[in-house]
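Q: Please take a close look at one part of this model with me. I would like to understand its aromatic rings.

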Amino acid sequence: MSQPVLSLKNVTIAQEGKIILSNVNLEVNHGEFIYIIGKTGSGKSSFMKALYADLTLSEGEGTIVNFDLVTLKEDDIPFLRRKIGFVFQDFKLLPDRTVQDNLLFVLKATGWKDNIEIQNKIDEVLDKVSMKEFVNKMPHQLSGGEQQRVAIARALLNDPEFILADEPTGNLDPQTSIEVLDVLRKINLTGKTVIMATHDYALLMKFPSKTLKCEDTKLFEVVQKPI
């Protein structure tokens, strides 16, 4: 049996001395698609931050993509983050650069040097999100949905095993939200694990999948019934 891509045992996550989540036990296997739901302030974003080592675990054991979150050294954090792709609610594109240069910036920063390989990778990820024809556009020339597609492409640049999407449809209208979720689900079907935090219960009903809820410092599975 293959190792889970994420394993948390009796984990406590705290911020500024306040317990956000406690006694978290979770195993996620390769290729799963999981929603994280819960009210604002319930711990969804803190949970995500713990997974990419922006918050340390206060108690318990945790591994993600073969990195130990408890013993992880500062120098190893960049290597962990190359195995995880991030998609944020507010896109976080560099506003003064084209789509091409936004992606080029990430590849250069993570050690890519061969110009042909770089261009092939940029073409590949933009093709996956149907944004290849927008390569020379500036972020302000794109709609919210288009910006989020570019952000998803950026998350795929280093071929991560795991995609963390924190409210990726939070700034989008309902139809665009469906389109962005469809992109994430297609990426999931290629074998990548996806955890997506969301407030959008309509999406959960339309595209049911395993769902975890943050509430009263706990993280637990809930059953979503399709319409």
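Are F33 and Y35 buried or exposed? Please go on from there to the other ring pairs.

A: This is a predicted model. Start with the two residues you name. F33 and Y35 are both buried. Their ring centres lie 5.3 Å apart, and their planes meet at 70 degrees. An angle over 60 degrees counts as edge-to-face, so that is the label for the pair F33 and Y35.

Two values are enough for such a label. A pair of aromatic rings is described by the distance of the centres and the angle of the planes.

Searching the whole structure gives three aromatic pairs. One of them joins Y52 and F86. Here the distance is 4.6 Å centre to centre, with 65 degrees between the planes. The pair of Y52 and F86 is edge-to-face.

Now see where these two residues sit. Y52 is in the loop between α1 (44-51) and β4 (57-64). F86 belongs to strand β6, residues 84-88. The pair therefore ties together parts that are 34 residues apart in sequence.

Next, check how covered they are. Buried means under 20% relative accessible area. Y52 has 14%, so Y52 is buried. F86 has 18%, so F86 is buried too.

Ring pairs link Y52, F86 and F88 into a cluster.

Finally, step back to the whole chain. It has seven helices and ten strands. Of its 227 residues, 49% count as buried. Among contacts between residues at least 6 apart in sequence, 68% join residues at least 24 apart.

Notes. Residues are numbered from 1 along each chain as its sequence is written. This is a predicted model: local features need pLDDT of at least 70, side-chain atom pairs count only at pLDDT 80 or more; totals for chains, interfaces and linings use all residues. Side-chain values use heavy atoms; hydrogens and water are left out. Helices (H or I, at least four residues) and strands (E, at least two) are DSSP runs, numbered from the N terminus. Buried means under 20% relative accessible area, exposed over 50%, partly exposed in between (1.4 Å probe, protein chains only). Contact means heavy atoms within 4.5 Å. Rings of Phe, Tyr and Trp (its six-membered ring) pair if their centres lie within 6.5 Å; planes under 30 degrees apart count as stacked, over 60 as edge-to-face and the rest as tilted.
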